[in-house]
Amino acid sequence: MVRQFFGGDYCTRRIIVKGGDELPLGKHRLSFVDAAMVYWPEVVMTFDACDQVLFSADAFGKFGALARELL
């Protein structure tokens, strides 16, 4: 999909990660956590230990939530 949006082939510039992997990026360290079937079967969340931020991959999004007027 990257090629469709940006026109280049980035196969040599990608890093494939899985749950349990860590990626040090200077002061930031990203940890990857499997969250299968939270939203999709292949969801992996990312946690930045430096800023204490969880990139939830839409796990806490509004997909499938009831509209406020229905509550």
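The accessible surface of the protein amounts to about 6200 Å², and 59% of it belongs to carbon and sulfur atoms. The model is a predicted one, with an average pLDDT of 80 for the protein and with 76% of the residues scoring at least 70. Confidence is lowest in H1, where the mean is 81, and highest in S1, where it reaches 95. Of the 71 residues of the protein, 14% count as buried. Among the contacts with a separation of 6 or more, 2% are accounted for by residues 24 or more positions apart.

The protein contains 1 helix and 4 strands, and along the sequence these elements follow the pattern α-β-β-β-β. The 4 strands form an open sheet in the order S1-S2-S3-S4, with antiparallel pairing. Strands S1 and S4 (53-55) stand at the edges of this sheet, where each has a single partner strand, so one side of each is left without a neighbour in the sheet. From one strand to the next, the twist averages 20°.

The pairing of S1 with S2 rests on 4 bridges, the two strands running antiparallel. Within this pair, Glu22 stands opposite Ser31 in S2, while Leu25 has His28 in S2 as its bridge partner. The two strands form a hairpin with 2 residues between them, and Gly26, which lies in the turn, has a positive phi of about 75°.

With a relative accessibility of 37%, Arg29 counts as partly exposed, because the value falls between the limits of 20% for buried and 50% for exposed residues. When residues up to four places away in sequence are not counted, Arg29 touches Glu22, Leu23 and Pro24 as well as Phe47, Asp48 and Ala49. One of these residues, Glu22, also makes a polar contact with Arg29, side chain to side chain, at 3.2 Å. For Ala49, the C-alpha atom lies 5.8 Å from that of Arg29 in space, although the two residues are 20 residues apart in sequence.

Asp21 is placed in the loop between helix H1 (2-6) and strand S1 (22-25). The relative accessible area of Asp21 is 22%, and the residue is therefore partly exposed. A polar atom of the Asp21 side chain lies 3.0 Å from the backbone nitrogen of Lys18. Apart from residues up to four places away in sequence, Asp21 touches Ile16, Leu30, Ser31 and Phe32.

Thr46 is found in strand S3 (residues 44-48). Its relative accessible area is 14%, and Thr46 is therefore buried, since the limit for this class is under 20%. Leaving aside neighbours within four places in sequence, Thr46 is in contact with Leu30, Ser31 and Phe32, and also with Val53, Leu54 and Phe55. Leu30, Ser31 and Phe32 are likewise named among the residues that Asp21 touches. Asp21 and Thr46 themselves are 25 residues apart in sequence, and their C-alpha atoms are 9.9 Å apart in space.

Definitions and conventions
Residues numbered from 1 in each chain as written. Heavy atoms only, no water. Buried < 20%, exposed > 50% of the residue type's maximum accessible area, 1.4 Å probe, protein only. Contact = heavy atoms within 4.5 Å. Polar contact = N/O pair within 3.5 Å; in protein donor to acceptor, adjacent residues only side chain to side chain. Pairing = 2+ DSSP bridges. Axes fitted to C-alpha atoms, helices over the stretch in contact; angles between N-to-C directions. Areas by Shrake-Rupley, 256 points an atom, 1.4 Å probe, with all protein chains shown as cover. pLDDT = per-residue confidence, 0-100.
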